[in-house]
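Reader: I'd like to know what stands behind the labels in this one. Can we go through them?

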Amino acid sequence: MIKTAILTISDKGSRGERVDITGPKIRHQIEEKGYNINFYKIIPDEREEIEKELIYLCDELGVNLILTNGGTGFSKRDVTPEATKNVIEKYVPGIGEAMRMQSLSITPKAMLSRGISGIRGNTLIVNLPGSPKGAVENLQFILPSIPHGIAILTGEAIECAKS
């Protein structure tokens with residue numbers, strides 16, 4: 001099983017001023033594919049807090065996959081890619097490139113997404129958009145390749161991922 005964490009990055013969501021719709025949609029989509037959700041949390045758009053949470057999930061909880069959502073746009077408060085960059089050991093540009101490329105066939109605004117992906121230890125971190133529609137679409141583009149990547153990363157055969 002791929003141990004997975006979902007981290008929603010939202011100031012309003014973390015203060016209880018907005019209901020997180022994106023996190024549960026991601027959860028539903030990946031549980032249908034056989035992934036095991038080991039962690040879900042909403043945190044504010046604070047760079048240090050995002051970094052701390054990512055490090056905890058990688059180093060302490062030992063999850064294989066972290067799916068962040070939110071904080072990938074142009075707002076001054078959008079710092080998820082920067083926080084991710086600070087904690088990863090290896091950059092995985094193909095995932096972000098694939099998401100943007102596929103998304104461009106749906107909307108020209110896809111080029112404005114700044115989400116990145118990278119590896120820390122045995123964990124793959126993927127930044128998804130904050131919009132429910134964008135997050136679900138982007139996840140559909142990359143999910144078929146994730147189990148293979150995690151298997152190579154961990155050196156273990158991964159059971160899950162219904163195609």
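Reader: What makes β1 and β3 a pair, and which way do they run?

Author: Five bridges join β1 (residues 3–9) to β3, and the two run parallel. Strands pair if DSSP finds at least two bridges between them, so five is enough for the label. Strands here are DSSP runs of E, at least two residues, and helices are runs of H or I, at least four, numbered from the N terminus. Mind that this is a predicted model: local features need pLDDT of at least 70, side-chain atom pairs count only at pLDDT 80 or more, and totals for chains, interfaces and linings use all residues. Residues are numbered from 1 along each chain as its sequence is written, and side-chain values use heavy atoms, leaving out hydrogens and water.

Reader: Why is Asn69 called buried?

Author: Buried means under 20% relative accessible area (exposed is over 50%, partly exposed in between; 1.4 Å probe, protein chains only). Asn69 has 1% relative accessibility, so it counts as buried. Asn69 lies in β3, with Thr8 as a bridge partner, and stands opposite Leu128 in β6.

Reader: How do you know that β3 is largely enclosed?

Author: Five of the five residues of β3 (residues 65–69) are buried, so the rest of the structure largely encloses the strand. Leu65, Leu67 and Asn69 cover one side, Ile66 and Thr68 the other, and all are buried.

Reader: What makes the buried residues of α4 line one face?

Author: Thr80, Pro81, Ala83, Thr84 and Val87 are the buried ones in α4 (residues 80–87). Down the axis they fall within an arc of 160 degrees, so they line one face; the arc is taken over directions from the helix axis to the C-beta atoms.
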